[in-house]
Amino acid sequence: MFPRSNVFRALHQWRSVPDGPPSHPLPLPLPLTPEPSSFVTAVRSSASLRVLKPLHAAVLRHHPDDLVLSVALACRYSQLGLPRAALSLLSPAAADPSLVPAGDTFLWNLLVRGLVESGAHDRALALYRQMRQPRGGAQPNNFTFPPVLKACSYLGDFEEGVKIHGDAAELGYESDVFVRNSLIAMYSKSGAVDTAKRLFDEMPDRSVVTWTTMIGALAQNGHPEEALALFRRMLEERVRPNRATFLTVMPCVIRCDDADDLHKLIIRYRLESEVIVQNAIMGMYSRCGKIEQARKLFDGIAEKDLASWSSMIEAYARADMFEEAMKLFRNMKLLEIVPDRVTLLGVTRGCSNSAVASLRHAQLIHGFAIRSLLIEDLMVETAVIDSYVRRGSLNSARRIFDQMREKNLVTWSIMISGYGMHGRGVEVLELFNRMKCLMKPDHITFVSVLSACSHAGLIDEGWQCFNSMTTEFGIVAHSEHYACMVDLLGRAGQLEKAREFIEKMPIKPDCSVWGSLLGACRIHPDAKITELAATSLFELDPQNSGRYILLSNIYTSLGKIEEAHSIRVLMRKRGVKKIAGYTVIELNNKLYKFLVGDCSNPQSDLIYRELERLMDRIKEAGYVPNTNFALHDVEEETQVKSLYMHSEKLAIVFGLINTRPESTIRVHKNLRVCGDCHTATKFISKVTKRKIVMRDSHRFHHFSDGECSCGDYW
């Protein structure tokens with residue numbers, strides 16, 4: 001298909017074409033029978049598919065068997081976003097390397113690079129191996145190794161990458177700056193940062209690409225501080241950073257001062273006018289918590305691209321400003337800017353994580369995903385499932401899950417975690433057993449399963465799952481897994497076994513482990529173990545207000561009022577501020593927020609009157625106020641009244657007043673639901689015959705006819 005006479009002629013003309021960017025936006029005018037070199041120049045200068053496709057047709061008419069032109073077309077198709085078209089052009093030569101002249105390294109390199117740029121990384125490696133054959137191949141040079149190493153990185157074939165490193169060293173190209181840069185990138189992708197560092201340190205001369213590659217290697221492997229330090233060293237050695245350098249280092253910045261310094265540098269080097277850089281600066285400021293500065297930059301971008309909108313939406317979602325993210329998302333649609341998967345993922349994740357998002361928001365986003373034909377994207381489908389799970393609609397989540405053509409590890413883990421959050425431990429185990437037949441679970445999946453076993457009281461199943469991590473799947477237990485096991489034992493009342501389990505841990509117990517033990521003492525008060533857990537927690541995490549509140553409540557339940565008061569005093573002395581609890585309910589597309597004793601709602605008088613009547617009704621049904629969750633330095637009657645004014649009860653009564661009798665009331669508490677409110681809500685569901693779904697910071701509670709889905713095992 002590729003006659004060698006044409007190949008040699010075109011090869012000579014290809015080599016006569018100068019490198020570098022085209023000096024004209026459109027292809028050069030071609031004579032009636034243009035030479036291949038003219039075609040090569042025209043192909044490389046084509047700015048769009050509209051220009052490239054007629055050129056391709058002309059090539060087929062005049063030079064249908066020219067390999068060099070095929071590679072040129074393939075590279076351009078790939079650069080313009082059509083890798084499949086590129087691959088179809090290269091497939092004949094890749095399938096039959098005998099068509100490529102033996103000993104012609106330039107042409108072999110051209111074909112290898114074309115395959116890599118077309119996304120055919122496995123074929124590129126196969127062609128490289130053929131190139132290394134004694135007969136019919138060619139001698140690799142410094143231009144051979146960069147694309148081949150890139151293919152290894154993409155495929156995750158680092159064993160092959162090490163072999164190719166050996167080839168480069170054997171042939172004397174290991175010290176070449178282009179080859180060394182590619183080796184650093186390959187080793188960093190494999191996680192071998194120390195090897196990448198050694199290669200970097202051994203280089204006598206480093207280009208800006210070398211510095212940028214090493215900074216990226218550190219950043220990608222969880223060493224942002226080292227990456228920033230290397231960037232500063234680069235400046236000290238008077239190496240001028242380019243756009244790629246700044247784009248690489250900006251994700252490492254988490255301090256406002258560093259962000260300001262970097263922004264000034266970008267302005268000094270006159271790179272601030274590029275939209276891609278402006279988007280990155282915006283993201284950098286949002287990660288530092290300077291959302292207003294990020295929005296100011298967003299508003300100042302004259303020609304916003306899709307990434308600008310996506311970055312700002314993601315910034316709001318990360319800052320738990322879901323309402324602002326939704327406003328921006330709606331503005332996009334009003335301006336007829338079509339969101340892509342990145343935009344949709346940002347707003348969907350915001351919906352999943354926000355305390356003020358509702359089931360309606362999840363439904364709106366799901367509807368948009370369907371209309372925009374993005375619902376079949378695996379990541380989008382998985383994110384939508386997560387939003388339904390976190391908004392309390394397991395049925396909707398499961399329906400999408402069952403209809404998915406493809407599921408990955410994240411999809412299965414989210415669905416398993418969802419059942420666990422809703423107290424459905426049996427369904428978790430059924431789904432987990434199905435998953436194990438299809439793919440290997442990871443450590444995150446096991447956290448979800450162990451947590452579900454803990455909340456459902458499945459002690460034997462939890463132990464079996466924990467042991468299978470190492471025996472069956474070779475997964476080393478992390479602190480999160482040990483915390484789940486402590487929680488499992490503690491909730492079952494086996495506090496002494498939980499303590500012994502902690503003592504035998506092969507790793508040092510952290511806050512999550514001691515927090516699980518202290519949490520178990522809330523259910524099964526034990527003064528000795530409570531003090532052991534609290535002492536460890538105050539050493540490890542002295543500013544966590546939740547630990548102080550929990551310890552104070554445990555002391556109160558044990559009748560140790562003075563000790564409870566002393567914990568509150570200690571909290572004030574250390575300057576630890578309690579997070580204000582609130583409950584949110586949505587009504588007629590509007591969110592209503594209630595604090596304890598809230599009187600800001602226009603219906604406050606009606607709410608409190610109805611609340612008083614409701615409390616009388618549930619008392620008659622058997623409800624007894626638990627004053628352990630009330631203020632402790634007041635009279636008992638005042639304690640009971642203060643319980644009535646908790647935000648959960650106010651939000652529920654507001655929902656009862658303003659919704660239809662057959663509808664489900666959905667509320668969201670930003671902290672763990674109060675124990676007294678949990679008991680009261682069970683009675684409210686019974687006397688009003690209403691279903692109530694309450695999400696708190698840990699899980700969902702589904703109340704119906706006087707029962708809760710958690711079985712009081714929370």
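**Exercise 1. Which residues in α16 are buried?**

Solution. The model is predicted: local features need pLDDT of at least 70, side-chain atom pairs count only at pLDDT 80 or more, and totals for chains, interfaces and linings use all residues. Residues are numbered from 1 along each chain as its sequence is written, and side-chain values use heavy atoms, with hydrogens and water left out.

Step 1. Helices (H or I, at least four residues) and strands (E, at least two) are DSSP runs, numbered from the N terminus. Buried means under 20% relative accessible area, exposed over 50%, and partly exposed in between (1.4 Å probe, protein chains only).

Step 2. The buried residues of α16 are V277, Q278, N279, A280, I281, M282, G283, M284, Y285 and S286.

Step 3. Since 10 of the 13 residues of α16 are buried, the helix is largely enclosed by the rest of the structure. Its buried residues pack against α14 (243-249), α15 (256-268), α17 (291-300) and α18 (306-318); contact means heavy atoms within 4.5 Å.

**Exercise 2. Find the pairing partners of strand β1.**

Solution. Step 1. Two strands pair if DSSP finds at least two bridges between them.

Step 1. β1 pairs with strand β2 (residues 590-595) in the antiparallel sense over 6 bridges. Here E586 stands opposite L591. The hairpin has 2 residues between the strands, and in it N588 takes a positive phi near 50°.

Step 2. β1 also pairs with strand β3 (residues 665-669), in the antiparallel sense over 3 bridges. In β3, H668 is the bridge partner of V584.

Step 3. In β1 (residues 582-587), 5 of the 6 residues are buried, so the strand is largely enclosed by the rest of the structure.

**Exercise 3. Describe the surroundings of S454.**

Solution. Step 1. S454 lies in helix α26 (residues 443-456). With a relative accessible area of 1%, S454 is buried.

Step 1. Leaving out residues up to four places away in sequence, S454 touches C484, D487, L488, R491 and Y713.

Step 2. The side chains of S454 and D487 are joined by a polar contact of 2.5 Å (a pair of N or O atoms within 3.5 Å; within protein, one must be able to donate a hydrogen and the other to accept it, and residues adjacent in sequence count only if both atoms are side-chain atoms).
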